[in-house]
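Colleague: I would like to learn how to read a model of this kind, feature by feature. Please give the general idea each time, then the case at hand.

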Amino acid sequence: MAARRGGTRRIAAVAAAIGATPTRVALAWLLRRSPVMIPIPGTASLSDLEENLAAERVRLPAGF
């Protein structure tokens, strides 16, 4: 559980540093992990869809 909180804190810190939301950073990280893995985020509204699509434009710092 502590490792999970650490990961959440790191995502929040990166998001704040690059001016993105934690959701976008988390999805961007998943998208860049593997060319064959496709995350399937929950989308209950148009704003959720827009948030999820914006992850493609996030540029993560090296080593993240």
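Modeller: Accessible areas come from the Shrake-Rupley method with a 1.4 Å probe, and for residues only the protein chains shown count as cover. Here the chain exposes about 4,700 Å², of which carbon and sulfur atoms supply 61%. This is a predicted model, in which local features need pLDDT of at least 70 and side-chain atom pairs count only at pLDDT 80 or more, while totals for chains, interfaces and linings use all residues. Residues are numbered from 1 along each chain as its sequence is written, and side-chain values use heavy atoms, with hydrogens and water left out.

Colleague: How many helices and strands does the chain have?

Modeller: Helices (H or I, at least four residues) and strands (E, at least two) are DSSP runs, numbered from the N terminus. The chain has three helices and zero strands, in the order α-α-α from the N terminus on. Its radius of gyration is 12 Å, close to the 11 Å that the globule rule gives for 64 residues, so the chain is as compact as a globular protein of that length. That radius is taken over C-alpha atoms, and the rule is 2.2 Å times the number of residues to the power 0.38. Along the principal axes, the C-alpha trace spans about 30 × 25 × 25 Å.

Colleague: What share of the contacts in the chain with a separation of 6 or more comes from residues 24 or more positions apart?

Modeller: Contact means heavy atoms within 4.5 Å. Such residues account for 61% of those contacts.

Colleague: Which side chains meet in a salt bridge?

Modeller: A salt bridge is a side-chain nitrogen of Lys or Arg within 4 Å of a carboxyl oxygen of Asp or Glu. The structure holds one, between the side chains of Arg24 and Glu51 (3.3 Å, N to O). The pair links distant parts of the chain, with Arg24 in helix H2 (residues 22–33) and Glu51 in helix H3, 27 residues apart.

Colleague: Is Glu51 buried or exposed?

Modeller: Buried means under 20% relative accessible area, exposed over 50%, and partly exposed in between (1.4 Å probe, protein chains only). Glu51 is buried because its relative accessible area is 18%, whereas Arg24, at 25%, is partly exposed. Beyond its neighbours within four places in sequence, Glu51 is in contact with Thr21, Thr23 and Arg24. Buried residues make up 23% of the 64 residues in the chain.

Colleague: Which residues form a nonpolar patch on the surface?

Modeller: Patches are made of residues with over 30% relative accessible area and no salt bridge, where like charges are joined within 9 Å and nonpolar side chains (Val, Leu, Ile, Met, Phe, Trp, Tyr) within 5 Å. Leu46, Leu49 and Leu53 form the patch, with about 300 Å² of accessible area together. Leu49 is found in helix H3 (residues 46–54) and, at 37% relative accessibility, counts as partly exposed.
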